[in-house]
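Here's a quick briefing on the model below. Have a look at it first, then run through the points.

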Amino acid sequence: MSKIVKTITRIAYVFIITFGIYVIVHGHLTPGGGFQGGAVIASSFALLLIAYGKEIKFLLQNENNFSLLESLGALAFICLALIGLGTTFFHNFLANSGILFGNSVAYGVNSGDLNTSGVLPLMNISVGLKVLAGIGSILIVMMISVFEDLGGESKRRR
Amino acid sequence: MNLLEHSPALIVAIPLLTGFLTPLVSKINKKLRNFIILISLLLTLILVWNFAFSYIFPREEPFVYVFGANSPGITLPSGYKIPVRIIFEIDSIGAFMSLITSIIAFLSFIYSLEFMKKYRGLEKYYTLFLLLTAGIFGMEFTGDLFNFFVFLEITSIAACALIGFHVNKSSCVNAGFKTMVMYTVAALFFLLAVGLLYGQYDALNIGILATKINGSLLDKLALGLFITALALKIGSVPMHFWVPEAYGESPSPVSMILVTNTQASLYALFRICFTLYGIVMNTALIGWIIIILGILSMFFGATLALIQRSIKRLIAYIAISQIGYMLLGVGVGLTTLENPQLLQNYGITAMRGGIFHIFNDAICIGVLFLISGAIIYRTKIYDMNNLGGLARNMKYTAIFFIISSMAISGLPPFNGFVSKLLIYESVYKLNPLLSIIAILISIVTLANFVIVFHGVFLGPKLKKFDNINDAPKEIILPIILMIILIVISGMFPDLFLRNLVEPAVKSLINKEIYISAIGI
Amino acid sequence: MIIENFPFITCMILIIFGIYTLLFKKNLIKLVIGITIIESGVNLFLVTLGYRENSVAPIFTFASSEKMVLPTPQALTLTSIVIGFATTALMLSFVIFIYHHYKTIEIDEMRRLEKR
């Protein structure tokens, strides 16, 4: 890819990742949430892979770490659901309790408070982690396969 | 705090949790991973049996579990008139099918410990396997249409990825792609129908929809879409083209659990036709549509199996044919639903036969897939033309093949005979021609298995099979357990019919009990 | 009547285009695109079900009026989009493997190669 694309990518991907984290964490107040924010962050990975190609060693060699992150995100989601098993599965044990995200929500139209609705932001973060790791792994594996096809037949994995 | 009261959630959550743990534990130690999966599937099996026999079968009413509420039984929080949360509603037929799933998942895992030992990428295999199991349990427990769609898609993704597991063989990858396309189209039609019903009645819960539904034009359109989508997933005949490839190209333990996946969609078809649409639509017409699908599946399944050369594809066509029996039995019951006298006369017997045949089909076709897997494990040959004379080397496998093929063809004293006799007797009273076709197709099924037995096991001993012994212990063990189950359910069918099948049939016919459990 | 039901007519047209692509096209990538088109049609149908006249988005943060569209179809559509993404990823992975085996992704040429 040309010099212009590489320069703009180097500036832009930080903003894309920040926007993605904003969308994930504010999932209970504004449109967004786990999947949407994770997809935004994964699109920054796609941008890096397309602009720089084979030079992104950070992504192309860290496939195992992405798998690990994906499993951790999924485990965190299920464990958060299981902690509420005292009452029911998926019970929101942090809402209106005052501990972590525990404030009560004002009724009607309000200016949103980040510190509300209990387990939801935590689940949003774990789902976002899983989605970005999952889409990241898919992108990395497909790009490795494309580079092998372009780079010669001898590199095909069995 | 009674943990057993939360069993429905635990039964779905434990395989899911283990499935997500598997990639992490695989990096540490492989034997530890196998041990953890064994413990979790055993725990799920114990939970399912305990839950079914202490909470569901003794009582008449379904068990309701609300996700995220202040107590598992609160369907209507204070001030609400309709349930707003996702509800698992388990009645006798859901429990019956989950019993079958738990046995088959456990035995399939023990089989794949030895069968898949030599392949790479096993942590992905086990993760997908556990996801598939969790999805099938979710499909059988849920009381909410959209939740059913989500679990349907979970199982279709996991199943298709498992079908294409051997990525170095082009036929497996082809089969995986074709199956994925068919499953996705079916699920999208299902979602379209759910959207149609939601747009009219503003409810997704099956119980609430069953009270509000009237037979308007959009409802009929939704029923047509439901039957098309679910008939595609079952593999009934106009849409059966994915079945031989999916069952024939996947690894053998996966073929066994795919049968259970198919039966969960069959359960959904029955739930929609009996509980959701019930008396609102003309059940005679829907019943006859299901009977015609059943007859076509029976006929084409058994006759197309005669020309197959690969053992697993032949068993897949026989599986299509057996789905026809289940559709025939329950379809006859559906035709008589509005007429209580005919229902007592032959409708209930037909439904008993159809539902008991679900159990028989899962066990018999499952063990046939495992036996063909044992043959492939030893000889590495799929094509029947190149096999022969294996009865001298693999004695026990031959005996188990005889028992299971006699069972699925409907010969006494095995369990296939019981369910097929119930179907023959009751269908004869509706229309004698259907019953005669069913009996003839049983004979053709037996002919198929005679061909396989003669081609694979009988004959002179071949030179190239000189050092082939019988299959190893871990592969024979699940086969022996399932054969014992076949023999017991054939010798004492009354035990199974009275305790398992009768409550299931009653819960399908009485839709008021299902609706009143929600609490309105 | 057509102006009011325009989104529903668009859904039907999208689904019919998708089914046409599935039935008549021979390239595997085109099949995957056809399934994506059907999916878009179904998602559009779900979102349109929730629309109410003169209503705003169902978000309470700095909302401009109390009359809002239904939020449940939006949750259903979001789940459906996620599932569609996963199935598309799996189908495209299968297409990559098929390309490695056959060096082509047209169904006719694959059939000819298999018969050889």
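Two residues are in contact if their C-beta atoms, placed from the backbone, lie within 7 Å. This is a predicted model, so local features need pLDDT of at least 70 and side-chain atom pairs count only at pLDDT 80 or more, while totals for chains, interfaces and linings use all residues. Residues are numbered from 1 along each chain as its sequence is written, with chains lettered from A and ligands numbered from 1 in the order in which they are written.

**Where chains C and B meet**
- Chain C brings 21 residues to the contact and chain B brings 23 residues.
- On the chain C side, α2 (28-48) and α3 (72-102) each supply at least two residues; helices here are DSSP runs of H or I, at least four residues, numbered from the N terminus.
- The largest share of that side, 13 residues, is from α3(C).

**The nonpolar core**
- A nonpolar core is a set of buried Ala, Val, Leu, Ile, Met, Phe, Trp, Tyr and Cys residues joined through C-beta atoms within 7 Å, where buried takes 20 or more other C-beta atoms within 10 Å of a residue's own.
- The largest one has 256 residues, and B:F149, B:F190 and B:F226 are among those with the most contacts inside it.
- Helix α6 of chain B (residues 170-201) gives the most to this core, with 20 residues.
- Leaving out residues up to four places away in sequence, B:F190 touches B:F149, B:L152, B:F226 and B:A229.

**B:Y346**
- B:Y346 sits in helix α13 (residues 340-379) of chain B.
- Why is B:Y346 buried? Because B:Y346 has 20 C-beta neighbours inside 10 Å.
- B:Y346 touches B:S426, B:K429 and B:L430, again not counting residues up to four places away in sequence.

Methods
Buried ≥ 20, exposed ≤ 12 C-beta atoms within 10 Å, placed from the backbone.
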